[in-house]
Amino acid sequence: MTIPEIDKDFLRRQLPEFAGQTADYHNEKIGKIAYKEFSGYFGSFAQRDGKSNMLRLGGSAARITA
């Protein structure tokens, strides 16, 4: 099974916008649907309460340590 290559430069360029969108969502400047449309690519998902988000991290056979 081949894992697709992640465009790291694209992600780095998008991080400021992602941070801004997340702040706008938490400050209730944008709604849950607007946030979901943008944030899904980053693995961040609005929660049902409309005030928090979940970050889904993935790694193929990865181990995350402190």
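## The chain at a glance

The accessible surface of the chain comes to about 5,600 Å², and carbon and sulfur atoms account for 53% of that area. Keep in mind as you explore that this is a predicted model.

Let's start with the overall layout. The chain has two helices and two strands, and reading along the sequence gives the pattern α-α-β-β. Of the 66 residues in the chain, 18% are buried. Among contacts with a separation of 6 or more, 29% are between residues 24 or more positions apart.

## Aromatic rings that pair up

Now look for the rings. The chain holds three aromatic pairs. One of them is formed by Y25 and Y35, and this pair is stacked, with 4.6 Å from centre to centre and 10 degrees between the planes. Which parts of the chain does this pair link? Y25 belongs to helix α1 (residues 8-26), while Y35 belongs to helix α2 (residues 32-39), so find both helices in the structure and you will see the two partners, ten residues apart.

Are these two tyrosines buried or exposed? Y25 has a relative accessibility of 2%, which is under the 20% cut-off, and therefore counts as buried. Y35 counts as buried too, because its relative accessibility is 0%.

There is also a ring cluster to find: F18, F38 and F42 are linked by ring pairs.

## The nonpolar core

Which residues make up the largest nonpolar core? There are six of them: F18, Y25, Y35, F38, F42 and A46. Helices α1 and α2 each supply at least two residues of this core. In soluble globular proteins, nonpolar side chains tend to be buried together.

Leaving aside residues up to four places away in sequence, F38 touches Q14, E17, F18 and Q21. One of these, F18, belongs to the largest nonpolar core along with F38.

## A residue in the loop

Finally, turn to E28, which sits in the loop between α1 and α2. What is the phi of E28? The angle is near 60 degrees, a positive value in a residue other than glycine.

E28 has a relative accessible area of 58%, and because this is over 50%, E28 counts as exposed. Y25, by contrast, is buried at 2% relative accessibility.

Definitions and conventions: Residues are numbered from 1 along each chain as its sequence is written. This is a predicted model: local features need pLDDT of at least 70, side-chain atom pairs count only at pLDDT 80 or more; totals for chains, interfaces and linings use all residues. Side-chain values use heavy atoms; hydrogens and water are left out. Helices (H or I, at least four residues) and strands (E, at least two) are DSSP runs, numbered from the N terminus. Buried means under 20% relative accessible area, exposed over 50%, partly exposed in between (1.4 Å probe, protein chains only). Contact means heavy atoms within 4.5 Å. Accessible areas come from the Shrake-Rupley method with a 1.4 Å probe; for residues, only the protein chains shown count as cover. Rings of Phe, Tyr and Trp (its six-membered ring) pair if their centres lie within 6.5 Å; planes under 30 degrees apart count as stacked, over 60 as edge-to-face and the rest as tilted. A nonpolar core is a set of buried Ala, Val, Leu, Ile, Met, Phe, Trp, Tyr and Cys residues joined through side-chain atoms within 4.5 Å.
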